[in-house]
Amino acid sequence: MTLFYIICATVAGGVLSVLAAGLLSFTALRSMVPRMVSYAVGAMLGAAFLHMLPEAFMQASSIEGLFATILAGLLAFFLLEKAALWRHRHEHGEAEHGHEHSAMLRKRPVATLVIVGDGFHNFVDGVLIASAFIADPVLGLTAAVALVAHEVPQEVGDFMVLLDCGLTRARALMLNLASSAMGVMGGVVGYFALESARHLTPYVIALAAASFIYIAVADLIPGLHRAMDTRSTIWQITLIAAGIGTVSLPLMFLH
């Protein structure tokens with residue numbers, strides 16, 4: 001029954017957070033997609049620095065090993081993006097297309113990084129939910145509610161990046177739902193191998209945090225600098241702060 005509860009909680013938590021974020025992204029926030037990239041920056045950096053890395057540092061037995069994992073993660077995502085860019089250029093040939101089409105091709109690898117990074121994060125969340133249910137079913141239910149609370153703002157940020165990369169709403173929704181399935185996998189793996197693999201959890205968290213930091217700093221922030229007028233800058237600062245705030249407030253409440 002414990003495994004059944006874990007699967008139900010991870011499925012429900014992942015689906016509910018994605019659908020809630022999709023509802024916001026496709027309705028109330030639909031007209032603000034370009035500006036909401038700033039919100040995505042805040043949500044990703046807030047999730048990495050205020051939630052994921054503190055959790056990893058509390059669990060890690062080696063701080064040096066954790067920093068090495070973060071560094072390796074940053075370099076790995078750089079290579080992953082470089083490989084995706086090479087593949088797109090080889091398949092499409094930038095010289096044969098206009099500037100706008102080439103710019104869109106350069107954005108598509110960012111969508112890949114978002115899904116990969118979110119998959120890591122969801123896997124870790126599944127492991128944490130499994131550990132909570134094994135300790136106490138009530139604690140497990142609380143952890144599932146916490147999952148939805150902190151995932152919704154981050155998923156909104158993911159949707160905004162995917163839409164800005166040119167994906168359709170249906171494809172963005174399907175990719176996020178597929179990524180949320182990693183939470184179920186994490187729950188099952190956590191149930192069967194938690195004791196033997198518990199020491200690896202902080203390093204998986206660190207990899208997920210590294211992906212969010214890389215996407216925000218290397219891919220999203222440089223695009224924000226293209227708008228230099230005062231009005232755009234105010235919007236960017238406000239929405240970055242909103243992204244950080246909506247990630248941190250549920251965490252403060254739950255703590």
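**Figure 1. The whole chain, end to end.** Starting at the N terminus, the elements of the protein chain read α-α-α-α-α-α-α-α. That makes eight helices and zero strands, where helices (H or I, at least four residues) and strands (E, at least two) are DSSP runs numbered from the N terminus. Before we zoom in, a word on the model: it is predicted, so local features need pLDDT of at least 70 and side-chain atom pairs count only at pLDDT 80 or more, while totals for chains, interfaces and linings use all residues. Residues are numbered from 1 along each chain as its sequence is written, and side-chain values use heavy atoms, with hydrogens and water left out. Of the 255 residues in the protein chain, 45% are buried; buried means under 20% relative accessible area, exposed means over 50%, and partly exposed is in between (1.4 Å probe, protein chains only). The accessible surface of the protein chain comes to about 12,600 Å², and 71% of that belongs to carbon and sulfur atoms. Those areas come from the Shrake-Rupley method with a 1.4 Å probe, and for residues only the protein chains shown count as cover. Now for contacts, meaning heavy atoms within 4.5 Å: among those in the protein chain between residues at least 6 apart in sequence, 86% join residues at least 24 apart.

**Figure 2. Inside the largest nonpolar core.** A nonpolar core is a set of buried Ala, Val, Leu, Ile, Met, Phe, Trp, Tyr and Cys residues joined through side-chain atoms within 4.5 Å. The largest one here has 50 residues, and Met44, Val161 and Leu220 touch the most other members. At least two residues of this core come from each of H1, helix H2 (36-59), helix H3 (63-92), helix H4 (99-135), helix H5 (137-164), helix H7 (201-224) and helix H8 (230-254). H7 gives the largest share, 13 residues. Another core, of six residues, lies apart from it, and its members include Ile6, Ile129, Ala130 and Phe133.

Figure 3. Look for Met44 in helix H2. Is Met44 buried or exposed? Met44 counts as buried because its relative accessible area is 1%. Setting aside residues up to four places away in sequence, Met44 touches Val114, Asp158, Val161, Phe212, Ile215, Ala216 and Leu220. Gly157 is 113 residues from Met44 in sequence, yet their C-alpha atoms are 7.4 Å apart in space.

Figure 4. Thr10 sits in helix H1 and counts as buried because its relative accessibility is 3%. The Thr10 side chain reaches the backbone oxygen of Ile6 at 2.9 Å. Leaving out neighbours within four places in sequence, Thr10 is in contact with Gly126, Ile129, Gly183, Val184 and Gly187. Val18 is in helix H1 too, and its relative accessible area is 0%, so Val18 is buried. Not counting residues up to four places away in sequence, Val18 touches Glu155, Phe159, Leu173, Asn176, Leu177 and Ser180. Along the chain, Val18 and Glu155 are 137 residues apart, but 6.3 Å separates their C-alpha atoms.

Figure 5. Which residues make the nonpolar surface patch of about 270 Å²? They are Ile7, Val11, Val15 and Leu19. To join a patch, a residue needs over 30% relative accessible area and no salt bridge; like charges are joined within 9 Å, and nonpolar side chains (Val, Leu, Ile, Met, Phe, Trp, Tyr) within 5 Å. A salt bridge, in turn, is a side-chain nitrogen of Lys or Arg within 4 Å of a carboxyl oxygen of Asp or Glu. Ile7 is in helix H1 (residues 2-26), and with a relative accessible area of 32% it is partly exposed.

**Figure 6. Side by side in helix H8.** Trp235 is found in helix H8, where it counts as partly exposed at 29% relative accessibility. Trp235 and Arg35 are 200 residues apart in sequence, but 7.4 Å apart in space from C-alpha to C-alpha. Gln236 is also in helix H8, but Gln236 counts as buried, at 14% relative accessibility. Beyond its neighbours within four places in sequence, Gln236 is in contact with Ser38, Leu224 and Ala227.

**Figure 7. Arg169 and Ser25.** Arg169 lies in helix H6 (residues 169-197) and is partly exposed, with 39% relative accessibility. From C-alpha to C-alpha, Arg169 and Ser25 are 9.1 Å apart in space, although 144 residues apart in sequence.

Note on methods
Polar contact = N/O pair within 3.5 Å; in protein donor to acceptor, adjacent residues only side chain to side chain.
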